[in-house]
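User: I would like a close look at one chain of this complex and at how it sits against its partner. Please keep it to what can be read from the coordinates and the confidence scores.

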Amino acid sequence: MEVKIIPAPQTALPTSAQPISSELEVRIRKRFSNPEGSFNLNVHFRALAGFTIIFGASGAGKTTLLDCIAGLTDPDDGRVAVGGEDLYDSEKKQNVAAWKRRIGYVHQDLALFPHLTAEENVAYGLHTLSAAERQARSREMLELFRIGHLRDRRPSQISGGERQRVALARALVAEPRALLLDEPLAALDRPTKSSLVGDLRRWNQSHRVPILFVTHNGEEVFALGDEVIMLDGGRIVAQGQPHEVMRVPRLETIARLSGFENIFNATVVALHEDRGTMTCQLGKDAVELETPLVRADVGSRLRVGVRAGDLLLSTENPRGLSARNVLPGTILRLEQRDVIISATVDCSGTEFEVHLTLAARDSLQLEPGKSVWVVAKTHSCHLMGM
Amino acid sequence: MNWEAFWLTVRLAAIVSTLLIAIGIPIAYWLTYSRWRWKFLVEAAVALPIVLPPTVLGFYVLVALGSRSPLGRWWESLTGHTLAFTFEGLVIGSLLYSLPFAVQPFAASFGAVDSSLLRASASLGHSRAQTFRRIVLPLSKAGLVTGFALSFAHTLGEFGVVLMVGGNIPGVTRTISIDIYDQVETANYSSANETALVLLIISFVVLSTVYSLNRRPWVAGPWK
């Protein structure tokens with residue numbers, strides 16, 4: 001399609017941190033390819049000031065979406081506008097060049113300029129300002145992100161977390177009208193991640209711009225999200241507050257993404273309408289789970305999702321518990337991930353993943369081969385359609 | 001040792017390789033970033049001097065510079081003499097002859113700059129030209145030095161094009177390689193050896209400088 005490039009008015013950067021009321025409107029259709037084939041990205045949403053999480057598996061079209069908003073890729077058609085100003089409009093044949101859009105973009109690989117120091121990297125987007133102001137603004141931003149002491153170092157001379165801070169500072173110092181973050185925290189350990197998120201929040205309290213934050217990590221959704229947009233196969237499959245979208249997984253893709261480590265095929269074997277529960281049999285094995293009642297007939301097939309963090313392990317057959325599901329089993333494996341122990345427990349042929357603390361593993365002396373009981377509350381068992 | 005021929009050759013090589021920086025960078029830029037479907041034809045044309053016998057190249061340059069061609073006529077109306085058999089003519093011939101030795105390392109180093117840096121630069125408000133100046137050029141320093149040095153060394157040793165375009169006029173178009181040829185013709189072997197050795201040593205020094213800067217092999221041939 002022939003799209004004319006119209007230069008945006010060259011505006012000088014605001015000298016102080018003015019709150020800009022900007023809303024990002026995105027309506028995009030774009031054909032894209034990933035290793036599994038080619039898809040149509042087809043989305044329409046508005047993002048207000050604050051964090052909007054774009055959540056989806058890899059290949060869902062998240063990066064294509066951000067590239068279209070940043071102007072690095074042209075959509076097939078649609079409209080992108082920020083603060084009421086059109087950046088792209090296929091009907092009006094309007095397409096503002098990427099470098100005139102003033103949209104901050106931090107990609108997962110950061111793309112710091114290797115031949116420039118941290119300070120020069122941060123000052124890069126301030127080229128329209130005087131040298132003195134450039135230096136003042138970039139130093140201020142380096143301090144805000146607590147990397148002032150690294151300003152003379154090159155990217156190759158600082159750690160991964162520090163590089164992440166430089167990349168964020170570089171994008172923010174130019175006072176973008178919207179910020180696109182493509183898995184910027186993916187490579188960080190947890191403490192670094194949360195302190196960086198804190199800095200980002202602090203910055204946005206005074207700036208109030210829409211921040212699209214792409215992730216495939218369910219934890220980040222809860223840590224950041226004001227609003228979540230769930231993307232699958234190029235389409236928005238769910239949208240809303242994190243707890244609405246993430247806690248009630250009606251779709252299996254959501255379930256898997258939002259951290260349901262355990263997903264089983266199940267058959268309804270009995271309904272207990274008086275108690276609001278029902279009994280499901282897992283797979284073809286004799287493992288039965290009591291789950292919340294849903295509208296289903298005996299014999300119908302469902303899927304049950306249980307978070308690994310919602311399961312308990314007991315080394316003795318527990319008594320006097322309110323939890324209705326107590327399943328005997330044997331530990332197959334114990335793996336340490338970060339500060340979590342992931343235990344795989346075989347219960348009569350069905351494998352459960354259970355997350356424990358290091359202390360729990362040690363005090364219970366858990367090890368492969370040990371007999372345990374897996375405990376699940378009825379309402380920890382989430383039902384999904386097949 | 002014919003010092004007149006030596007300094008003439010060094011002057012020629014220095015002028016040609018400096019001009020090739022100015023001419024080669026835009027060509028290499030275009031070859032790196034253009035998505036024109038017939039780009040390969042231009043790539044092939046730029047690489048031609050690598051495979052073409054210098055006499056063929058020299059012959060066509062001679063024809064193009066002669067008083068029957070528009071270029072030759074224009075030059076003649078401007079200066080009163082033809083380009084053929086002059087130092088200026090030699091510069092033009094050598095520019096064509098050494099063009100791929102500058103353009104290919106330039107294009108290879110431009111192409112090696114990570115495209116994510118270019119995208120980052122665009123989203124930080126820099127136009128393509130600004131990005132090229134502040135990101136691509138500084139990161140292509142090794143390629144620029146390589147292109148400069150290779151075209152310098154290549155011009156130092158040219159023979160066929162010089163003979164066709166410049167002839168053999170002492171102090172005007174007689175370069176070292178022609179001088180060596182003359183000395184061999186007159187069976188003056190010890191003098192030929194002296195000059196040849198100087199050329200050999202200079203070429204070796206230039207090339208080892210290039211390789212020590214790059215620490216990776218330079219490939220002559222179609223570039224990515």
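Analyst: The model is predicted, and its scores are ipTM 0.79 and pTM 0.71. Within it, chain B has an average pLDDT of 87, with 96% of its residues scoring at least 70. The stretch from residue 217 to 224 of chain B has pLDDT below 50, and in the model it makes nine contacts beyond near neighbours in sequence.

As for secondary structure, chain B holds 11 helices and zero strands. The pattern along the sequence is accordingly α-α-α-α-α-α-α-α-α-α-α. The C-alpha trace of chain B extends over about 65 × 45 × 25 Å along its principal axes. Chain B has 224 residues, of which 40% count as buried. Its contacts can also be sorted by separation in sequence: among those in chain B between residues at least 6 apart, 76% join residues at least 24 apart.

That leaves the partner. On the chain B side, 13 residues are in contact with 18 residues of chain A. Strand S7 of chain A, residues 103-106, supplies the largest share of the chain A side, namely three residues. By residue class, the side of chain A that touches chain B consists of 10 nonpolar, five polar and three charged residues. In short, chain B is a chain of 11 helices that meets chain A through 13 of its own residues.

Technical notes: Residues numbered from 1 in each chain as written. Chains lettered and ligands numbered in written order. Predicted model: local features only at pLDDT ≥ 70, side-chain atom pairs only at ≥ 80, totals over all residues. Contact = placed C-beta atoms within 7 Å. Helix = DSSP H or I, 4+ residues; strand = E, 2+ residues; numbered from the N terminus. Nonpolar A, V, L, I, M, F, W, Y, C, P; charged D, E, K, R; others polar. pLDDT = per-residue confidence, 0-100. Buried ≥ 20, exposed ≤ 12 C-beta atoms within 10 Å, placed from the backbone.
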